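I opened my notebook beside the viewer and went through this one a piece at a time. Here is what I looked up, in the order I looked.

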Amino acid sequence: MTLRAALLGCGWIGSEFRTDTPVGIYNHAAAYRACPDTELVAICDTDPEKLTRAGERWKVTGRYTDARELLSQSAPEVISICTPDAMHFEGVKAALSSPSVRGVLAEKPLALEAAEAEELAEMARARGVALAVNYSRRYSTGHAELREWIRGGGLGKIVTVGGFYTKGTLHNGSHWFDLARWMVGEISEVTGFDMLGETNPDPTLDAILRFENGATGHLQAFNASAGTLFEMDVLGTKGRVRVVEPAGQFAKFHLNESRTFSGYRVFEAGDVWPARNSDTVLHAVEDLIACVKNGNVPRCSADDGVAAVRVARAVRDSARLGRPIDLQKNV
């Protein structure tokens, strides 16, 4: 059965990202066109030029500048929310309120406030709608295999996690927090620091983390004007693995007895293997369709989206208040 699909937001991730790059299908319109179980019947954007470009590129005649008109007139069964971050909450809420909608794929973050994200998750549960969040690394084959290896004891007991990121604590920082939760475990406490002093609505903050399993972590902000950066370094009692992007590779190190200094254990370089990040948005759409048809829980669920927002907001609150935030007391 082919499901009627719609797209709210025709910008970069919604429609305009090129499909001839090594990452493959990495925009939502292309994913709906490539998925044999969906037909892209309607698109929406308040920018007439973006709307026209998307409509012509993907051969979609159902074009709208108002989301509620799209929902009422096109009656989509699945829909992607690819609007700017500040518009995610209203867009997802409108989709969840539409009788025809059975599945929603929301770009990250799910909302800008934890209470709003929780409201959306509860709406989805109440209506029985599959609500997924596109934290794209969850839909990467390589990242999924790396997670299974780490969770299976490949690094031994996790000791600490480090990393770098750019472009906002909620926008890209929540990507890192979601990956850390998925790879390592739940985050129990955060301390935020405003080292860069950015004045935009979503400043890029530094953070110190504690995990429920006893591991520690630190995330460092990098100035986006100098370059784009997203890295994670996971260290355990048996070894270490570095997730290096946008190079798209994992570097493994083994913790062995030093060949030079007796009594010391050192990290020695091991394999380097590709992250295999291609077609992640297509995989997200395919996962959503399986959830709609079979009642599965999305690979990145509404609850995962809520958790990432809660961590990011706690980092913001901690930096403002000047003290750690215990997430276990703020559930």
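**Overall make-up**

I am working on a predicted model, where local features need pLDDT of at least 70, side-chain atom pairs count only at pLDDT 80 or more, and totals for chains, interfaces and linings use all residues. Residues are numbered from 1 along each chain as its sequence is written, and side-chain values use heavy atoms, with hydrogens and water left out.

Next I checked the dimensions. The C-alpha atoms of the protein chain fill a box of roughly 75 × 40 × 40 Å along the principal axes. The radius of gyration is 20 Å, which agrees with the value near 20 Å for a compact globule of 331 residues; it is taken over C-alpha atoms, and the globule rule is 2.2 Å times the number of residues to the power 0.38.

I then looked at burial: 55% of the 331 residues are buried. Buried means under 20% relative accessible area, exposed over 50%, and partly exposed in between (1.4 Å probe, protein chains only). Among contacts with a separation of 6 or more, 67% join residues 24 or more positions apart; contact means heavy atoms within 4.5 Å.

**The nine-stranded sheet**

I traced an open sheet of nine strands with mixed pairing, in the order S14-S13-S12-S11-S7-S10-S9-S8-S15. Two strands pair if DSSP finds at least two bridges between them. Strand S14 (265–274) and strand S15 (325–326) stand at the edges with a single partner strand each, so one side of each has no neighbour in the sheet. Helix H7 (residues 141–151) packs on the sheet and touches strand S7 (158–165), strand S12 (239–245), strand S13 (249–257) and S14. The direction of H7 makes about 165° with that of S12; axes are lines fitted to C-alpha atoms, for helices over the stretch in contact, and angles run from 0 to 180 degrees between N-to-C directions.

How covered is strand S11 (residues 230–236)? I found seven of its seven residues buried. Phe-230, Met-232, Val-234 and Gly-236 lie on one side, with Glu-231, Asp-233 and Leu-235 on the other.

I followed S11 to its partners. S7 and S11 pair in the antiparallel sense over six bridges, with Ile-158 bridging to Gly-236 in S11. S11 and S12 also pair in the antiparallel sense over six bridges, and Val-234 stands opposite Val-241 in S12. A hairpin joins S11 to S12 through two residues.

**Helix H5**

I moved on to helix H5 (residues 88–97), where seven of the 10 residues are buried. They are His-88, Phe-89, Gly-91, Val-92, Ala-94, Ala-95 and Leu-96. What do they pack against? I listed strand S1 (3–8), helix H4 (67–74), strand S4 (78–81), strand S5 (103–106), helix H6 (114–127) and strand S6 (130–133).

**Rings**

I found five aromatic pairs; rings of Phe, Tyr and Trp (its six-membered ring) pair if their centres lie within 6.5 Å, and planes under 30 degrees apart count as stacked, over 60 as edge-to-face and the rest as tilted. Trp-12 and Phe-17 have ring centres 5.1 Å apart and planes at 70°, so the pair is edge-to-face. Trp-12 is exposed at 54%, whereas Phe-17 is buried at 16% relative accessibility. Ring pairs link Trp-12, Phe-17 and Tyr-26 into a cluster.

I also noted Arg-240, which lies over the face of Phe-253 at 5.4 Å from the ring centre and over the face of Phe-267 at 5.8 Å. A charge sits over a ring if NZ of Lys or CZ of Arg is within 6 Å of the ring centre and within 35 degrees of the ring normal.

**One last residue**

I finished on Trp-182, found in helix H8 (residues 168–183). Trp-182 is buried, with a relative accessible area of 8%, and its contacts include Arg-137, Arg-138 and His-143. Trp-182 and Cys-300 are 118 residues apart in sequence and 9.5 Å apart in space, C-alpha to C-alpha.

Definitions and conventions. Helix = DSSP H or I, 4+ residues; strand = E, 2+ residues; numbered from the N terminus. Lists of a residue's contacts leave out its neighbours within four places in sequence.
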